[in-house]
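I open this notebook page to record what I looked up about aromatic rings. The structure is shown first, and my entries follow.

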2 protein chains.
Amino acid sequence: VRNFKLTLQYDGTHFHGWQKQPNVRTVSGVLECAIEKLSKERVKLIGASRTDKGVHAYGQVANFHSRCKIPLEKFPLALNSLLPHDLVVKDVECVRDDFHARFSAISRHYRYVILNHRERSPFQSNYSLWIPYSLDFERMMEGAKYLIGCHDFTAFSSSLSEDRNPYRTIKSISLKKEGECINLDVVSDSFLPGMIRRIAGTLIRVGCGKIQPGGVYEILTSRDRSLAGPAVQPHGLYLVEVEYP
Amino acid sequence: VRNFKLTLQYDGTHFHGWQKQPNVRTVSGVLECAIEKLSKERVKLIGASRTDKGVHAYGQVANFHSRCKIPLEKFPLALNSLLPHDLVVKDVECVRDDFHARFSAISRHYRYVILNHRERSPFQSNYSLWIPYSLDFERMMEGAKYLIGCHDFTAFSSSLSEDRNPYRTIKSISLKKEGECINLDVVSDSFLPGMIRRIAGTLIRVGCGKIQPGGVYEILTSRDRSLAGPAVQPHGLYLVEVEYP
């Protein structure tokens, strides 16, 4: 039995997210089905991050255990030939038996893409959030800095069950202009549900002047969900990379 | 009655091309419907180029005559609010009464995008043609040069009716690398049906060594459709710009 580690890219537009569900097209559902065709046995796929419906990935990671005898070097081509156009396996490795795509991960890097331009683009509607009014980039950066470090991120999460640990450690957060887009890059040990989309929604409010940069700190320490900006749409979000020790 | 000139962008993925047809979603069908809602009268839209199903546009041009009283400066915003995400009006002007989007055009600029990389990209499948084997860029440029000027382009067209003029004047043709893509840009007075996609298919054969660069000249002068490369898929094609006097 080998433990296979996959690195994946997908356009999330036509997937109902990562997690397998009956009767809908999900990334892990489509992928498991292709792996089972190839390996001729049932597999249980473990994903590093359960991306939501519409969220894209440049570097999602998954693993599964299999007795499949296919040589490792033939695996990517064979698997990709069974996958649809919006899902690609970039890399396949054999890893230690105790490697777990989700629990072994030490950090996740997500990007939120904002198209900050007066006119919308017909090519960007599934790949970024369109904000037609001008955003103050400097203010957004100033506000973003308050989020770095280990904090209780309750204010930036969807409703959590009582027993869930609300502490997360943001290792880095940056904003970069790329053409007409603003890329918000956040690296954290892990993320609470809805966390990046609420951080993005809050920083957009900072950028348009509705919240002071220092208000981000107040929202964070308040642990009050009603003070943060709304979770922005999933189609601007990308899982860029997952890091392992 | 004013003559309105529109400049349009669209993602062609989910359109059955430009030309209005019953029971399918076409660019001119969707656009006419939105204009009629706004102007409260029937309009007849004239497009510069009848793009095929799957073909995209950065700068399609269309015109229509209307008694509509809406101030010109309010037109783009009002119209865009009625249009779907994959179709955007970039500009609206009032032009001379005898302006005709198709017949007044003096040149069209099309781009064909080839993703020339070992691995396919899930984000590019509707926006470029994936060629995994390496293309010889120099050879392709050498072959492309034979097409510049006024020629009978029968060999590079879909079947033409007997009475159709097969002469076209290619004003410029260029190949540029952009990241992992090769952009083939062609400017011509106008194009025969299938012409750019057959030129692209032929140059790809030159790039992978199946045809000598000089073979492009032989194909051109043969006027024999069976010698040219096949028409490549429409999803790599973009109408970039239409020029008027």
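**Aromatic rings**

I searched the whole structure and found 26 aromatic pairs over all chains. This is a predicted model, in which local features need pLDDT of at least 70 and side-chain atom pairs count only at pLDDT 80 or more, while totals for chains, interfaces and linings use all residues. Residues are numbered from 1 along each chain as its sequence is written, chains are lettered from A and ligands numbered from 1 in the order written, and side-chain values use heavy atoms, without hydrogens and water.

I counted rings of Phe, Tyr and Trp (its six-membered ring) as a pair if their centres lie within 6.5 Å; planes under 30 degrees apart are stacked, over 60 edge-to-face and the rest tilted.

I looked up B:Tyr58 and B:Tyr238: the ring centres are 5.1 Å apart and the planes are at 15°, so this pair is stacked. The two residues are 180 residues apart in chain B. I noted B:Tyr58 as partly exposed at 32% relative accessible area and B:Tyr238 as buried at 5% (buried is under 20%, exposed over 50%, partly exposed in between; 1.4 Å probe, protein chains only).

I then took B:Tyr110 and B:Phe191, whose centres are 5.3 Å apart with planes at 85°, so the pair is edge-to-face. B:Tyr110 is buried at 9% relative accessible area, and B:Phe191 is buried at 14%.

I also recorded a cluster in which ring pairs link A:Tyr58, A:Tyr127, A:Tyr238 and B:Phe123.

Definitions and conventions
Helix = DSSP H or I, 4+ residues; strand = E, 2+ residues; numbered from the N terminus.
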